Amino acid sequence: MAGKMRIRATLKDGVTVVKVLMAHPMETGLRKGPDGKLVPAHHITDVTATLNDKPVMQAYWGGAVSQNPFIEFEINGGAAGDKLVVSWKDNLGESQAEEVTLK
Amino acid sequence: MKSNRRRFLTLSLAAVSTLASSALWPLRVLAAAARPEDAFTAKTLDEVYKALGGKPTPSKDIEFKTPDIAENGAVVPISVTSKLPNTEQIMVLIEKNPNPLASIFSISEGMAPKISTRVKVAQTGQLVAVVKAGGKLYSTSSETKVTLGGCGG
């Protein structure tokens, strides 16, 4: 699972466009593996984004979000030097966070 | 000496509670709802609506972009933009999936009421974007045809 989360945040006309690509298998628990047995559910359940430590987006996910999730959202404002952190937590207790500084 | 300390404590308590109740503290807005487990395990659209608190009202103020035909049901790009005032949440439901509710995005005041992402669509059917605005639920739906089903079964 351990791939890196990639965040691209672009300041444009007073808005920060954020694109995030996460690395995660996002198994629904309904898929049969090569051995014919169900692959256990392993997917991100919670996502949070903070700007300078203030929560700005939060999401709950089920297994239907595609593998290696991609999300795009916009933050009103944002300035060079601001710290954007995106983090996720999955149903097996794993988690990951990535930070970028707006330029 | 004692009364100075008491004054200080009273003042700081007042300051914190003012900050906490002001709009400068978006943490409050986002911390509102716990994860609605029963909505995620519900097996039909109606069951999801029941778990979310009611059937949404159809609305033309939700822009929901989905592909007409998805070559690969495992990765279907969608985007939702809400024009409804006081948008609090954007949710994505996929009618024919074993568990229709795919995601709930909570929109803070600091964020535009729009989201783009990619979802799994098991088979041809309706995708529904549900928006919670001003405490009420609204929705719009769009059909996506799937050539290769998205749940890998």
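**The interface between chains A and B, and the fold of chain B**

Chain B and chain A together bury about 2,600 Å², with 54% of this area on carbon and sulfur atoms. Within the share of chain B, Arg35(B), Arg118(B) and Lys120(B) stand out: they supply 24% of the area that chain B buries against chain A, more than any other three residues. The model is a predicted one. Contacts across the interface involve 34 residues of chain B and 29 residues of chain A.

Polar interactions also cross the interface. In total, 21 residue pairs are in polar contact between chain B and chain A, counting pairs with both residues at pLDDT 80 or more. The side of chain B that touches chain A is made up of 21 nonpolar, 8 polar and 5 charged residues. Three elements of chain B give two or more residues to this side: α2 (27-31), β6 (101-107) and β7 (114-119). The most comes from β7(B), which gives 6 residues. The count of salt bridges between the two chains is 1. Lys114(B) forms a salt bridge with Glu74(A), and their closest N and O atoms are 2.9 Å apart.

Strand pairing also links the chains. Strand β4 of chain A, residues 54-61, is joined to β6(B) by 5 bridges. The two strands run antiparallel. Here Met57(A) stands opposite Ile107(B).

Chain B itself contains 4 helices and 9 strands. Their order from the N terminus is α-α-α-α-β-β-β-β-β-β-β-β-β. The chain has 153 residues, of which 42% count as buried. Of the contacts in chain B between residues at least 6 apart in sequence, 65% join residues at least 24 apart.

Several pairings within chain B involve strand β9, residues 136-148. Strand β1 of chain B, residues 57-58, pairs with β9(B) in the parallel sense over 2 bridges. In this pairing, Thr57(B) stands opposite Tyr138(B). Strand β3 of chain B, residues 69-72, also pairs with β9(B) in the parallel sense, over 3 bridges. Ala70(B) stands opposite Val146(B) there.

The pairing of β8(B) with β9(B) is antiparallel. Strand β8, residues 125-133, is joined to β9(B) by 9 bridges.

Methods:
Residues numbered from 1 in each chain as written. Chains lettered and ligands numbered in written order. Predicted model: local features only at pLDDT ≥ 70, side-chain atom pairs only at ≥ 80, totals over all residues. Heavy atoms only, no water. Contact = heavy atoms within 4.5 Å. Buried area = accessible area lost by both parts, 1.4 Å probe. Salt bridge = Lys/Arg side-chain N within 4 Å of Asp/Glu carboxyl O. Polar contact = N/O pair within 3.5 Å; in protein donor to acceptor, adjacent residues only side chain to side chain. Nonpolar A, V, L, I, M, F, W, Y, C, P; charged D, E, K, R; others polar. Pairing = 2+ DSSP bridges. Buried < 20%, exposed > 50% of the residue type's maximum accessible area, 1.4 Å probe, protein only.
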